[in-house]
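Subject: The model you asked about

Hi there,

Here is the structure for you to open alongside this note. Have a look around first, and then read on for what turned up.

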Amino acid sequence: MKSAVDRWLGPSLTVLALVWLWLVYAYIPGARFEGEPGPRAFPVLLGVVLAGLGVVMSLQALMSVGRERSADATPVLTGREAWLAIGTFGLLILYAFLLDKIGFIVATPVVIATAMYGLAQVRRWVLIGSLAIGITLGCWVIFDALLGTPLPSGSWVVWP
């Protein structure tokens with residue numbers, strides 16, 4: 001029954017990508033100069049790729065309708081999978097809230113550590129700390145230091 005799920009997931013991803021692209025064009029400013037990619041380039045690329053994947057998934061699901069015969073192959077959602085899906089969604093909501101309130105530098109390692117400990121069930125604190133700090137530092141170096149893109153500083157925190 002994979003194609004039955006894909007018949008809904010493919011168009012859903014395509015609609016999500018179109019809404020994403022509309023939001024990108026509505027809220028992210030374009031390039032300042034001719035020939036410059038501008039701040040819209042990467043989000044537009046992500047939206048186009050997501051739309052393409054949704055279309056490919058839909059087409060594959062529609063082409064495999066005749067080939068799929070067994071009705072007992074229905075995927076069953078386990079409690080662990082449901083917990084991971086709900087936990088990931090909740091963690092993304094928490095991350096958006098924390099980015100707004102305490103900023104990127106503090107929110108990112110907190111969310112990474114929470115995801116590793118709570119969702120991935122990693123219990124080695126050295127690994128959790130190393131990844132949380134390393135990913136945060138790496139993103140800060142790439143976006144803030146090298147590209148000059150300001151990262152959220154948070155409304156609760158006043159940086160000197």
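(Buried means under 20% relative accessible area, exposed over 50%, and partly exposed in between, using a 1.4 Å probe and protein chains only.) Glycine 30 sits in the loop that links H1 and H2, and it touches Pro39 and Arg40, leaving aside residues up to four places away in sequence; contact here means heavy atoms within 4.5 Å. From glycine 30 to alanine 41 is eleven residues in sequence and 8.4 Å in space, C-alpha to C-alpha.

A word on the ground rules. This is a predicted model, so local features need pLDDT of at least 70 and side-chain atom pairs count only at pLDDT 80 or more, while totals for chains, interfaces and linings use all residues. Residues are numbered from 1 along each chain as its sequence is written, and side-chain values use heavy atoms, with hydrogens and water left out.

Now the overall picture. The chain has five helices and zero strands, giving the pattern α-α-α-α-α along the sequence. Helices (H or I, at least four residues) and strands (E, at least two) are DSSP runs, numbered from the N terminus. Of the 160 residues in the chain, 22% are buried. Among contacts with a separation of 6 or more, 60% join residues 24 or more positions apart.

In helix H1 (residues 2-27) you will find threonine 14. Threonine 14 is buried because its relative accessible area is 17%. Its contacts, not counting residues up to four places away in sequence, are Ala51, Gly54 and Val55.

Helix H3 (79-102) is worth a look too. Does its length agree or disagree with what 24 residues should span? At 1.5 Å a residue they should span 34 Å, and the end C-alpha atoms of H3 are 33 Å apart, which agrees; the expected span is 1.5 Å times one less than the number of residues. Gly87, Leu91, Leu98, Leu99, Lys101 and Ile102 are buried in H3, and the buried residues of H3 pack against helix H4 (104-119). Just after H3, glycine 103 has a positive phi of about 90 degrees.

Glutamine 121 also has a positive phi, near 55 degrees, and is not a glycine. Most residues other than glycine have a negative phi. Glutamine 121 lies in the loop between H4 and helix H5 (125-146) and is partly exposed, at 44% relative accessibility.

Finally, the largest pocket holds about 900 Å³ of space. Of its 25 lining residues, Pro39, Phe42, Pro43, Phe143 and Thr149 are the closest to its centre. (On a 1 Å grid over the protein atoms alone, a pocket is an open set of points where a 1.4 Å probe fits, with protein on both sides within 12 Å along at least five of seven lines; lining residues have an atom within 4 Å of a point. Points are joined across faces, edges and corners, and the volume is the space filled by probe spheres set on them.) H1, helix H2 (41-63) and H3 each supply at least two lining residues, with the largest share, four residues, coming from H2.

Happy to go through any of this with you.

Best wishes
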